[in-house]
Amino acid sequence: MATCSSSLLVLPTNLRWNCNKRTNFKVRAQISGEHKKTTSAEPVSNGSVSVSSTVQNHEVNGKVKSQNKLVSDEIELLWDDGYGSKSVKDYFAAAQEILKKPDGGPPRWFSPVECGRPVEDAPTLLFLPGLDGTGMGLVPHHKALGKAFHVWCLHIPVLDRTPFEGLLKVVEDVLRQEQARRPNKPIYLVGDSFGGCLALAVAARNRSLDLVLILVNPATSFDRSPLQPLLPILEMVPEELHFTVPYALSFIMGDPIKMATLGIANQLPTGVKMEKLRQRLTKTMLPLLSDLGEIIPRETLLWKLKLLRSGSAYANSRIHAVEAEVLVLASGKDMMLPSQEEAKRLHRVLKNCAVRCFKENGHTLLLEDNVSLLTVIKGTGKYRRSWRYDLVSDFVPPSKGELDYALDEVLGFLRNAVGSVFFSTMEDGRVVKGLAGVPGEGPVLLVGYHMLMGLELGPMSEAFIKEKNILFRGMAHPILYSDNNPTKEFDYSDWIKVFGAYPVTATNLFKLLSSKSHVLLFPGGAREALHNRGEEYKLIWPEQQEFVRMAARFGATIVPFGTVGEDDIAELVLDYNDLMKIPILSDYVKEVTSDTKRFKLREESDGDVANQPLYLPGLVPKIPGRFYYLFGKPIETKGRPELVKDKEAANQVYLEVKGEVENSIAYLLKKREEDPYRSVIDRLSYSLTHTTHVPTFEP
């Protein structure tokens, strides 16, 4: 099969709270079946309540029967994930509310109302808090996570003095309940700082459970914390001066600018954003710092530091026993812990560990800007509802917030520079502006030419989403799913997974077509996207016509398309052959591409298309021109069963598709000469005096 890439790149006011005191929060104890209701609930002896009471199950003979429903049937494309609607101010408000009547324990679980009701068959996510112990650390993420998980948060009261082993028991009791009730479901443990130690310790003691650990700046590196010299001083600070401690800790625990920026829209003008940031820093952030003294009083702070020591030592002593799937999120500006160095160590020590680094964030990563936890979970391929990820049924469509961020921050310069225009072909052969000629009902197989570096993907995905409300699924090279880098940031390769990319295999193409999806396929794959000089707009396709037979099996409509514009934005000066002639660069390319050799793609193919070295060619930027797309007349395979078994018939369709792609490219190369706004300078001039989309040539 061919390779390609897909395109691209939250809150408590009321809580359902299971404690034995009266507060402004409601307690939720849901009962499966038709008689669900909200009622009060007493904690069991260890302070926990059955998390599974909120989960709907369908059991047959004592076993859970999976419905295998599609998440996308319940969550629409561009849904509202709520990220950015809540900020640090909301965290402090929720923490103060939950601590109005402090008690001595025991630790307990609560489910935030803002999480709402998740998709059917959703897994459970348990949040294990950091030093504050309130359990409110997911405030900006409640609404988003609540769509994909049954979310429960651990609250450790201010006056509680449960030792580390006791907290382990609180978590393990809930895990056993979940395992007994839903033995085929993964359980997610999100451990923030101290909670990371707790999550690792639980995983080491429960190796038979299917656990997914999300460790956010885990405190397993506490013995190397820059705070160590300050700890004896903190113990000597008298009670009457403790109010100064929160101010000192605030500059160590998190990045105040990142926390204040959360919720300020990226689309706002720079001046407006700066003014909002100034107001938040002076009128919101600084006054709130005094509240830290109430959240972590002096005696509680000293106890929590001792708890950190014991928890870190306990987790490290058993870390080699952890067999769970682990994702470590590490901040680059963590002043409290050496989180990035610890991420490297955990990546080396743990059996199944991936890392994502956030170089501009501080210790309180989950309360800072540009870090949506659900987006990270999706982009790293960690969301699943059974023992393995199903790329069709488990795929969570991108939200509007994710689209806005991806367009502005990930693809902003490219999409503005190339000013893409789209044409399509109607059934009567007329070429029209827009995507009206592309079928809206699947299954549809979009087959086309892969431009240099795959630069056509982002604008193309945006057009399909905005004009047709369709997210096509693109095949990606397996190297994009390799997590061997302990310093990897959350980058473009993760964003394309958020927007539907999936590993290139015949099985995956089969699954997507069977689900009536729109699927993007580039038969030329990496060889075409990384072509040599002089090969611009040359189709480098294999001899096999397997995608035709696969499409015919499901009656999919094949839509051939051509793209033009790569030579308008960059000049290819060093291709693979050139690089291999330069000793230093050739050694670098061999080192970079060595990891790709373990991915056995197209072993059955011959010729150029089987040669797929992944490397970065030498490019010289130009004054940007424009990208042009033409989708040809759809080719129906429905009602043509002979295409499945008759290779000759399938080959005729294959040649027809290839010819249509070549004709589309030739058409665009000729017609773009008629575009008065081909240059970015001309388009910019037009935009300064008009509010409409920049026009182009008439088809």
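Predicted model: local features only at pLDDT ≥ 70, side-chain atom pairs only at ≥ 80, totals over all residues.
**Stop 1: a pair of neighbours**

The model holds 40 salt bridges. Begin by selecting Asp223 and Arg224, which form one of them, with their closest N and O atoms 3.8 Å apart. Asp223 is exposed, at a relative accessible area of 57%, while Arg224 is partly exposed, at 37%.

**Stop 2: Arg356 and Asp483**

Next select Arg356 and Asp483. A salt bridge joins them, and the closest N and O atoms are 2.8 Å apart. Where along the chain do Arg356 and Asp483 lie? Arg356 belongs to strand 10 (residues 353-358), and Asp483 sits in the loop between strand 14 (473-476) and helix 16 (492-498). The pair therefore ties together parts that are 127 residues apart in sequence. Are Arg356 and Asp483 buried or exposed? Both Arg356 and Asp483 are buried.

**Stop 3: Asp567 and Arg672**

Move on to Asp567 and Arg672, whose side chains meet in a salt bridge of 3.2 Å, N to O. This pair links distant parts of the chain, 105 residues apart. Asp567 is in the loop between strand 17 (557-564) and strand 18 (570-574), and Arg672 is in the loop between helix 23 (647-671) and helix 24 (680-689). Asp567 is partly exposed, with a relative accessible area of 23%. Arg672 has 6% relative accessibility and counts as buried, because the cut-off for buried is under 20%.

**Stop 4: helix 10**

Select residues 298-317, which make up helix 10. Its 20 residues should span 28 Å at 1.5 Å a residue. The C-alpha atoms at its ends are 29 Å apart, which agrees. Colour the buried residues of this helix; among them are Arg298, Lys304, Gly311, Ser312 and Tyr314. Several leucines are also on the buried list, including Leu301, Leu302, Leu305, Leu307 and Leu308.

**Stop 5: Ala649**

Finish at Ala649, which is found in helix 23. Which residues does Ala649 contact, leaving aside its neighbours within four places in sequence? With those neighbours left aside, Ala649 is in contact with Glu642 and Leu643. Val548 and Ala649 are 101 residues apart along the chain, and their C-alpha atoms are separated by 9.6 Å.

Key. Residues numbered from 1 in each chain as written. Heavy atoms only, no water. Salt bridge = Lys/Arg side-chain N within 4 Å of Asp/Glu carboxyl O. Buried < 20%, exposed > 50% of the residue type's maximum accessible area, 1.4 Å probe, protein only. Helix = DSSP H or I, 4+ residues; strand = E, 2+ residues; numbered from the N terminus. Expected span 1.5 Å × (residues − 1). Contact = heavy atoms within 4.5 Å.
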